[in-house]
Amino acid sequence: MNSTFLIERPGINSTFQDKGRFGLQHLGVVTSGCMDSFLSDLANKLVGNDLNQPLIEFAYQGPCVKLLKGKVHASITGNIKFKIKKKNKEAIEGITNSSFYLDEGDILDIIATTKSIYGYLAVEGCFDLEKINNSFSTLVKAKIGPNEGEKLIINKKINLNSTINNDNKKLILSFDGKNEIRVLPGKQLNYFSDKSLKDFYSKKYKISNNTDRMGARLEGAKLAHIDSFNIPSEGIAKGSIQVPGDGQPIVLLNDHPTIGGYPKIAHIIAADYDNFIQKQPSSEITFKEVSLKEAEIAFDQYLTYKRKQQYLIK
Amino acid sequence: MLKKITTVGDSSIICDFGENVDLVTNSHVIKLFRYVKNLAEEKKFKGLLNYTPSYNKLLINFDLEKIKSNKIIEMIKSIDISRIPEDTKSKKHIIPICYDEEFALDLELVEKKLNINFSEITKIHSETIFFVYMIGFIPGHPYMGDMDKKLHLSRIATPRLRVPKGSIGLAEKFCNAYSFEAPGGWNIIGKTPLEFFNVKKDNPSVLSPGDTVKFESFKKSEIKKL
């Protein structure tokens, strides 16, 4: 059925995302896509969608939307506080990591993410969006994606083809959110002094306010370069930790530049990426070096856990 | 030639062609890039997500859910790069450029730094055949070389917060083109009306790594709008 949401409040950084736009980095287009692939997959799974369906990613404060028309089976994942205001003014406290039904006239108010940054809103069926270069992901800085590459905008409408074939479901998730982030050593270690390397692995680093989908700037012991802090520009991979001239590391995230010329001290392992990106500014983290073998085993464990949660939804 | 292959984290590898930043090295990078891109697009090898050439390296990102780095490294090692045929798809572009004073933002600075008058600079620039080493920083933004030695320049001391879209700049032996308005520190010598990037097209970028470019000068008075 055709359903329509009205955006009464867009939230701080709400965008349509999917798994990302691949195969274009050589033309300067980064993958983007959902920051937290664990939670975004769960949101789609909770409403019975294929995992490639686009969803709304929000950060800190989410959107407030009114269902103008139709009926919708929706889900929300993350550490999220939200309310559903029914047409008769009754306000229902939302239960996160579950799916629920919205009737015509209902208002879904995603108030805030707690102790985390990102959350997801999925609907059973599909948002009515234009696929740009094979993806629904939004890269705001380059204006690439559905919605003309923009964040959600107040008073605009979101159309969807909603289906109500699946029962609503609920999951109990516990986020351990460890503050120790596992990394693999960078390729340009010879650019850093021994003291810098020792500091990087032994001291705490604080996530700064200057953190978004492009990168997370960290504050802590200065990582001095031995000589130069420029390398010939090279392709950048998500999760790389680069150190520019000021010695304060930057973790490169989903919307990172495609190439860059600062030396990398380490790379966050794939298994710890979702945990890292959910760390709020002012959180303190430490880095632990692991081997490639350990990183790959950790990723297999991450996948097993993810699939188990998806299986529990059935 | 390919010197070494190293992992970058657990989900990428980088193929390193040595320290040199020159046309010979980059042409090897481009050969391998095209080979890998073709494997991915023809679905002849699973799990390849992105392949990003730079001056002397090729970064390959893969899906750790489908494949691990040792398999990709093994595959790359089995390729004899010297036997990859020259690509016939490599395009030759003529890009219009206007060197008029209002667009050559660093005209005076460049003349002073190089001690050559601007008309000589534009002559050398427009006679050069450039090779696209890589594209990035912002979508569709090319790094092209090699500039004649006489025009090698350092970047400007204080980068601009906004370089107008279409601006053409010089730094060291490279020439760039601001496909969008962006911050930058290159010496701006002109502007092009060409749209380098349109995301709505299947092939969104006019230029690809490995293409060649020649600039063709025109005066603003010759056209209505730039």
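B:Ile79 sits in the loop that runs between helix 2 (69-77) and strand 5 (92-97) of chain B; helices (H or I, at least four residues) and strands (E, at least two) are DSSP runs, numbered from the N terminus. The model is predicted, and local features need pLDDT of at least 70, side-chain atom pairs count only at pLDDT 80 or more, and totals for chains, interfaces and linings use all residues. Residues are numbered from 1 along each chain as its sequence is written, while chains are lettered from A and ligands numbered from 1 in the order in which they are written.

B:Ile79 counts as partly exposed because it has 16 C-beta neighbours inside 10 Å. On this scale a residue is buried if 20 or more other C-beta atoms, placed from the backbone, lie within 10 Å of its own, exposed if 12 or fewer, and partly exposed in between. The C-alpha atom of B:Ile79 is separated by 12 Å from that of B:Cys15, 64 residues apart along the chain.

The domain assignment of chain B, with bounds from an automatic or database assignment, gives domain 1 (4-83) and domain 2 (92-222). Taken over C-alpha atoms, the centres of these two domains of chain B are separated by 28 Å. Across the boundary, 8 residues of domain 1 of chain B are in contact with 7 residues of domain 2 of chain B, where contact requires C-beta atoms, placed from the backbone, to lie within 7 Å. On the domain 1 side, helix 1 (residues 23-41) of chain B supplies the largest share, 5 residues. That side divides into 5 nonpolar, 2 polar and 1 charged. Here Ala, Val, Leu, Ile, Met, Phe, Trp, Tyr, Cys and Pro count as nonpolar, Asp, Glu, Lys and Arg as charged, and the others, Gly among them, as polar.

Chain A is also assigned two domains, domain 1 (2-162) and domain 2 (180-310). Their centres, over C-alpha atoms, are separated by 28 Å. In chain A, 19 residues of domain 1 are in contact with 14 residues of domain 2. Helix 1 (residues 37-46) of chain A gives the most to the domain 1 side, with 5 residues. The residues of that side divide into 7 nonpolar, 7 polar and 5 charged.

As a whole, chain A has 4 helices and 21 strands. Its C-alpha trace spans about 65 × 35 × 30 Å along the principal axes. Buried residues make up 50% of the 314 residues in chain A. Of the contacts in chain A with a separation of 6 or more, 77% are between residues 24 or more positions apart.

Between the chains, the contact takes 32 residues from chain A and 38 residues from chain B. Helix 4 (292-313) and strand 16 (234-235) of chain A are the elements that give two or more residues to the chain A side. The largest share of that side, 5 residues, comes from helix 4 of chain A. By residue type, the chain A side divides into 17 nonpolar, 12 polar and 3 charged.

The largest nonpolar core has 138 residues, of which A:Ala43, A:Leu121, A:Ala122, A:Val251, B:Ile60 and B:Met144 touch the most other members. Such a core is a set of buried Ala, Val, Leu, Ile, Met, Phe, Trp, Tyr and Cys residues joined through C-beta atoms within 7 Å. Strand 6 (residues 130-135) of chain B contributes the largest share of this core, 6 residues. Leaving aside neighbours within four places in sequence, the contacts of B:Met144 include B:Phe130, B:Phe131, B:Val132 and B:Tyr133, and also B:Phe174 and B:Val213.

Conventions:
Two residues are in contact if their C-beta atoms, placed from the backbone, lie within 7 Å.
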